There are 4 protein chains.
Amino acid sequence: MKALIYDGPGRKHLGERERPQIKDVGDAIVRVTHTTICGTDLHILKGDVPTCEPGRTLGHEGVGVVEAVGSAVSNFRPGDHVLISCITSCGRCDYCRRGIYSHCVSGGWILGNAIDGTQAEYVRIPHADTSLYPVPAGTDEEALVMLSDILPTGFECGVLNGKVAPGSSVAIVGAGPIGLATLLTAQFYSPSQIIMIDIDANRLAVAERFGATRTINSRSEDAVAEVKSLTDGRGVDTAIEAVGVPATFELCEDLVAPGGVIANIGVHGVKVDLHLERLWSHNITITTRLVDTATTSMLLKTVASGKVDAKKLVTHRFTLDGIMEAYDVFGRAAETQALKVLITP
Amino acid sequence: MKALIYDGPGRKHLGERERPQIKDVGDAIVRVTHTTICGTDLHILKGDVPTCEPGRTLGHEGVGVVEAVGSAVSNFRPGDHVLISCITSCGRCDYCRRGIYSHCVSGGWILGNAIDGTQAEYVRIPHADTSLYPVPAGTDEEALVMLSDILPTGFECGVLNGKVAPGSSVAIVGAGPIGLATLLTAQFYSPSQIIMIDIDANRLAVAERFGATRTINSRSEDAVAEVKSLTDGRGVDTAIEAVGVPATFELCEDLVAPGGVIANIGVHGVKVDLHLERLWSHNITITTRLVDTATTSMLLKTVASGKVDAKKLVTHRFTLDGIMEAYDVFGRAAETQALKVLITP
Amino acid sequence: MKALIYDGPGRKHLGERERPQIKDVGDAIVRVTHTTICGTDLHILKGDVPTCEPGRTLGHEGVGVVEAVGSAVSNFRPGDHVLISCITSCGRCDYCRRGIYSHCVSGGWILGNAIDGTQAEYVRIPHADTSLYPVPAGTDEEALVMLSDILPTGFECGVLNGKVAPGSSVAIVGAGPIGLATLLTAQFYSPSQIIMIDIDANRLAVAERFGATRTINSRSEDAVAEVKSLTDGRGVDTAIEAVGVPATFELCEDLVAPGGVIANIGVHGVKVDLHLERLWSHNITITTRLVDTATTSMLLKTVASGKVDAKKLVTHRFTLDGIMEAYDVFGRAAETQALKVLITP
Amino acid sequence: MKALIYDGPGRKHLGERERPQIKDVGDAIVRVTHTTICGTDLHILKGDVPTCEPGRTLGHEGVGVVEAVGSAVSNFRPGDHVLISCITSCGRCDYCRRGIYSHCVSGGWILGNAIDGTQAEYVRIPHADTSLYPVPAGTDEEALVMLSDILPTGFECGVLNGKVAPGSSVAIVGAGPIGLATLLTAQFYSPSQIIMIDIDANRLAVAERFGATRTINSRSEDAVAEVKSLTDGRGVDTAIEAVGVPATFELCEDLVAPGGVIANIGVHGVKVDLHLERLWSHNITITTRLVDTATTSMLLKTVASGKVDAKKLVTHRFTLDGIMEAYDVFGRAAETQALKVLITP
């Protein structure tokens, strides 16, 4: 079968691989019908993710059809249409029992990282019963690819951890795909303000169409002063970091009101300065989170009932044969205005 | 009347002042029967608290008897025995309505800071109805001085923010008065482990008597390795910072388990390094808080019902005439083994 | 001034009364610009509310302009436009400190009940600082009359107590003004289903326009069977009782899924049967609540930001001179299709 | 092997059965080392539990040693010492993902009910990975039998659902084994008052030794008047029903303060009267729950760390050969003063 293979820092190719087989009683083999590329895949290609070794099939997002299941799988049968979670969870370890699936002792983020992933015709999913989700009849399966990672990430790490609430004020720093997924799912809670901050005019325009009540280009505007003026001088109830560099996290420290929350989503490569000499008395909360995909069932319901149109994050479409070009387009997002690229094997 | 007066950085004296008078309809005048000295008073004397100007009567903790009340005060009458909260709250502003009394727009920590405090024979308490608490009949009033600040601080900023729970594991970094108050109130929730970390052998010995399940002298032991070995290699569910310097906060970053909480209590003078390059995916929560004294009524019940013996934090006793010596003893705590000094005007 | 006066069971008249005066330092006198009639006013007229004695001016909802304030009032000044809460709260008693304003020891629901109310040209509001809310500049003041009682009641007693959540399923039994206010505010949380149940076809048609995903006329349809079929046989996550009779509460007992909530809003006159022989093992929660108006500030923000159009509950308009007719129209709602009647002195 | 077999209403015998075998990849076979009898077993013998058919081996509590495991079991191996949960949970269904294990679609309370139970030498445990718990080294295994059902039931259905908190007031109606388990675990949260109500003087004496701050014999004392006088006329924050008849539930309705919780534990056979005509405005919460054993891991830690001495609930000991006598002693608890009887095959 065809698969996109990581060849070490800076290198990848579309190659031929053996079809995956059932290795454990809890496994399922899924024929991938749609997949996509994540910012994390670019991190792997930069060599930032040492657990991902050369030879690995990349990809941790996807929708497909079950081909085969191991003897212990009870929730799925061949022919079932399924959503693949980016997080593999056993459902039995102490972390899983607490809903912290991202830290499952025999799972977590392993797909397209420690084991072969979804940018291929077929993929093996361990712990299938607790790592796949049935696609509700009549759902647009293309839209569901956004539920493998990006929507639960924005929702869990940003919206839920950020305690977004009716009438509250929210600032989202970073209007890339994750920031926009956060913007879409923040609206589940009807905050009165969602202020989107970025330096890319196109992405801010998209944010406005997606429901931001105000956008700030922090290259040309003083984001802190603007946010303060929009919030009676206090700052926002929730500041969400969706970039992953010190400057944006430290901006959140300046944006958050006393009693508020900074919810970090960004993948950080270096430490940041935490200004406790000012914040120690501000009654704030800071959260970090690798997505648990604990809300996937709930998000499926919101998509099915039309509360969110996940598909509008898709800007480009490719076949698996065109995946090298898809990576190129996705990698030059500022030029191409790409958000999510849909790949259909 | 006699009062301990701040004369600018490094200087103070016990002097004579006019008795305070009712200035606002919500005020009460309280005759102080017991007060104490807080680590924050030492910060003021170092010149670290610019809102506190020379000439100010220090002190924000105390118990006393109401002398007079303004026309809008309905909860108290002259002769009532009262506990003075270190936090003044109006009960009417947006922050107060949310229980964030520490950020009350016309209150917060103002006593012995922006207005004259409790290290005197009499003190004026604004917003008396919501800043004083009736002393339950039969309660040991000496013990209650610990409820003005230190017990609610340990409990709210450390125990509640830290989500201490039955069966959980807790590390408290710093075994000074605040750390010990945290240790005492953490036991309200029956955690299975409370590990106390400090560099002072005497304080660690006190911690053991106060209920620590393990003490670690981080001068001679590798605190991180010890804590990991006590927690199956994971770290603690709750790491509480009760010192206020970068090294101890950063130690907490190393102690906390995935899914855990770092609850900061310490008053910090400089920024700290937050290692998001490691912690971004650890699903942790960090909290800061200036005590709200939102739990004072509840703490009064736990003291009255014998759930906590607050008085055992008192190591030395002085009259108001001896307050200069009390400061000296409290300031040389490592030598004198002082925890809290009780001052009885 | 003119006022609608209760003359004992079944009787009322529009009469002439002395203008109210400041009686306490915390009072405000408000000139009423808009008021309305509540179902509870009809209860009083039936003689069901013994705390309301003949001679009382009725009404507990309203918007107006401050005329005068007592010496302890700090949040408001003459000329301020204010929303009047149906709940008077001192902000100082134990219940108020816990946010249970409805049980304030010197307040609660007293307006138009134990003291004179808002269906008059002027009204005296005790504890003004914590019982009035400033009208945000530019807000439609007519819409705000819905925030005195009906919107916070639907939101707090129904939506918050019912734990309505993104993707969840909700049934609201009763499509009167309170049920419709619940329907409007339930949408703040983006549930995937809101099923509205009533026996009045007109009200169900309104419910559909207001966002119900399904309406059931329980006179002609089997509500339990329908709800079960809409929820995979399980029942709803949240069943909200908005009528106040045994049959509708017991219907909720049949509608709620294991793990779900029954949130009671209805004012009940007799006991109901609780089928614990079936429900003891269903892991359900039942809540009751007299509205606390603890969310009024938040609701003001949602109205100001356009998240809810409260004014669409208004079906009829009258002047104060026409209030006797307004009562008649409101009292014959099934015929007149009245929801809320707006009265403008 | 020997097993206690249900022969239909009123009849049982100790007989000989085939040893259970692995039937599913997720099963484990456990050699029972300790078991006990539950009040629910007596309900079955009365014929109250139609899902339990004649021929069934009774018992849903136990500790033992793993003999064999199915191919999908990853957490346990032969020789492991394990605690058996009374609730079987698959860990994969929607209810299990939400922590409502009691409503697991292929589990729940099935042991000694829909499938053969633990009052035997061996027992088959389906979904072993999520229905067994490893016994921590060095733990007293006799004490752990109390963790199969009675301690999690008291803790989850009574203490957690009842929101017991530091300083709060609690009344527990019923001082049988479940009420006493609730009393023991309520102390994890340091309430200031735990009032125990029963009509059995011996059980109330036990309650006093186990930590009740006050006991009331409701046969000779007016329980409502006493509780009101102990709580400033308000009633308790938490009223816990641990009997299962209308009179005791309705007593809880009279005991609970505004803003409080009634947590039902009792197994009810008939409906009760819910006095909504009074309680609709009292802001109370009523909860029901079949135990989920979601806190078993946590309770194991509290037992291991000495926070609770579960073993003191054991009053009598028998071998499996003496189980008929054990049932007799347990069934005549008022005379024999039996709480829990320990049975050691």
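**Cysteines and the B–C contact in a predicted model**

Over residues 10-343 of chain A, the chain is 28% helix and 24% strand, with the end C-alpha atoms 21 Å apart. Helices (H or I, at least four residues) and strands (E, at least two) are DSSP runs, numbered from the N terminus. This is a predicted model: local features need pLDDT of at least 70, side-chain atom pairs count only at pLDDT 80 or more, and totals for chains, interfaces and linings use all residues. Residues are numbered from 1 along each chain as its sequence is written, and side-chain values use heavy atoms, without hydrogens and water.

Trainee: How many disulfides does the structure hold over all chains?

Mentor: A disulfide is a pair of cysteine sulfur atoms within 2.5 Å. Over all chains, the number of disulfides is 0.

Trainee: Is C157(B) buried or exposed?

Mentor: Buried means under 20% relative accessible area, exposed over 50%, partly exposed in between (1.4 Å probe, protein chains only). C157(B) has 1% relative accessibility, so C157(B) counts as buried.

Trainee: Which residue of chain C forms a salt bridge with D129(B)?

Mentor: A salt bridge is a side-chain nitrogen of Lys or Arg within 4 Å of a carboxyl oxygen of Asp or Glu. The rule finds 2 across the interface of chain C and chain B. In one of them, the closest N and O atoms are 2.5 Å apart, and the partner of D129(B) is R92(C).

Notes
Chains lettered and ligands numbered in written order.
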